[in-house]
Amino acid sequence: MSERRNPVDVLLRRLDPEVPVPSYGHPGDAGLDLVTTEAADLAPGERAVLPTGISLALPDGYAAFVHPRSGLAARCGLALVNAPGTVDAGYRGEIKVIVVNLDPRESVRFERFDRIAQLVVQQVEKVRFHEVAELPGSARAEGGFGSTGGHAAVGGSTGGNEYASVGADWEGQ
Ligand SMILES: O=c1ccn([C@H]2C[C@H](O)[C@@H](COP(=O)(O)OP(=O)(O)OP(=O)(O)O)O2)c(=O)[nH]1
Ligand SMILES: [Mg+2]
């Protein structure tokens with residue numbers, strides 16, 4: 001049986017008096033929808049830094065991550081340049097969303113208060129590094145970047161070679 005945990009209390013400041021307080025669409029959702037407070041028109045390939053009209057004081061030990069919305073990605077080719085954007089607990093400025101229109105032909109138009117991204121609040125660990133000369137072994141060892149195979153071809157019929165050369169670069173490191 002899953003136990004429902006209490007929500008984490010987070011202080012929020014509205015920088016635009018009309019902006020809605022972000023809320024979960026459904027009880028089990030991970031993300032709170034963020035809106036843009038400014039209308040925007042993005043030509044193919046264009047990017048913009050859109051204001052959300054809110055700032056937060058996250059508790060220490062937490063961070064918020066600005067994630068894309070899959071509907072906008074699938075329908076319009078909208079992506080976040082820095083996905084997921086990281087909002088630090090100590091950040092008191094306006095949360096902004098760095099969008100890019102990846103559609104090769106169509107513009108994307110946002111009106112004021114359109115939902116453009118979603119915010120996922122998570123606990124984050126702090127680490128303390130202990131430098132060593134050798135790391136303990138593991139099943140994966142240094143394999144990565146396609147080492148398990150099954151990758152898509154890149155660059156058409158000759159793409160396989162291009163991909164292989166990427167792997168080769170990494171092998172030498
Ligand atoms: O999508 C994002 C990403 C970041 N931020 C804000 C909150 C975050 O705490 C701050 C800094 O972000 P980040 O560390 O990613 O940017 P940086 O380029 O490393 O800037 P800085 O030198 O200020 O850390 O910018 C946003 O509003 N939206
Ligand atoms: Mg930083």
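Which strand is the place of Val87 in? I looked this up and found Val87 in strand β8. The model I am reading is a predicted one.

**Entry: the chain**

I began with the elements of the protein chain and noted two helices and eleven strands. From the N terminus on, I read their order as β-β-β-β-β-β-α-β-β-β-β-β-α. I then looked up burial and found that 15% of the 173 residues of the protein chain count as buried. For contacts between residues at least 6 apart in sequence, I noted that 66% join residues at least 24 apart.

**Entry: around ligand 1**

I listed the residues that surround ligand 1: Val66, Asn82, Gly85, Thr86, Val87, Asp88, Tyr91, Ile95, Lys96 and Ile98. By type, I sorted this shell into five nonpolar, three polar and two charged residues. Two strands, β8 (85-87) and β9 (96-101), each supply at least two residues of the shell. The largest share, three residues, comes from β8.

I also checked the UniProt record, an unreviewed entry, which places the feature "binding site" at Arg69, Ser70, Gly71, Asn82, Thr86, Val87 and Asp88. These positions span 20 residues in sequence, and their farthest two C-alpha atoms are 26.3 Å apart, so they do not all gather at one spot.

Is Val87 buried or exposed? I found 21 C-beta neighbours inside 10 Å, so Val87 counts as buried; the cut-off is 20 or more. Leaving aside neighbours within four places in sequence, I noted contacts of Val87 with Leu56, Ala63, Ala64, Val66 and Ile95.

I turned to Asp88 and found it in the loop between β8 and β9. Asp88 has 11 other C-beta atoms within 10 Å, so I wrote it down as exposed.

In soluble globular proteins, nonpolar side chains tend to be buried together. I looked for such a group here and noted that the largest nonpolar core has 21 residues, of which Leu34, Val66, Val97, Val99 and Ile116 touch the most other members. Among the strands that each supply at least two residues of this core are β2 (32-35), β6 (62-67) and β9. The largest share of this core, three residues, comes from β11.

Val66 was already on my list for the ligand 1 shell. Beyond its neighbours within four places in sequence, I recorded Val66 in contact with Leu80, Pro84, Gly85, Val87, Ile95, Val97, Ala117 and Leu119.

**Entry: Leu15**

I found Leu15 in the loop between β1 (11-14) and β2. Leu15 has 14 other C-beta atoms within 10 Å, so I noted it as partly exposed. Apart from neighbours within four places in sequence, Leu15 is in contact with Gly53, Ile54, Ser55 and Glu94. I also looked up Pro136, 121 residues from Leu15 along the chain, and the C-alpha atoms of the two are separated by 49 Å.

**Entry: backbone exceptions**

Most residues other than glycine have a negative phi, and most peptide bonds are trans. I looked for exceptions. A cis peptide bond joins Ala83 and Pro84, with omega about -15°. Pro84 is in the loop between β7 and β8.

Ala141 has a positive phi, near 50°, and lies in the loop between β11 and α2 (159-171). With 9 other C-beta atoms within 10 Å, Ala141 is exposed. Phe145 is not a glycine but has a positive phi of about 55°. I found Phe145 in the loop between β11 and α2, and noted it as partly exposed, with 13 other C-beta atoms within 10 Å.

Conventions. Residues numbered from 1 in each chain as written. Chains lettered and ligands numbered in written order. Predicted model: local features only at pLDDT ≥ 70, side-chain atom pairs only at ≥ 80, totals over all residues. Near = placed C-beta within 6 Å. Helix = DSSP H or I, 4+ residues; strand = E, 2+ residues; numbered from the N terminus. Nonpolar A, V, L, I, M, F, W, Y, C, P; charged D, E, K, R; others polar. Buried ≥ 20, exposed ≤ 12 C-beta atoms within 10 Å, placed from the backbone. Contact = placed C-beta atoms within 7 Å. UniProt positions renumbered as here; feature names shortened; annotations may be inferred. Core = buried A, V, L, I, M, F, W, Y, C linked by C-beta atoms within 7 Å.
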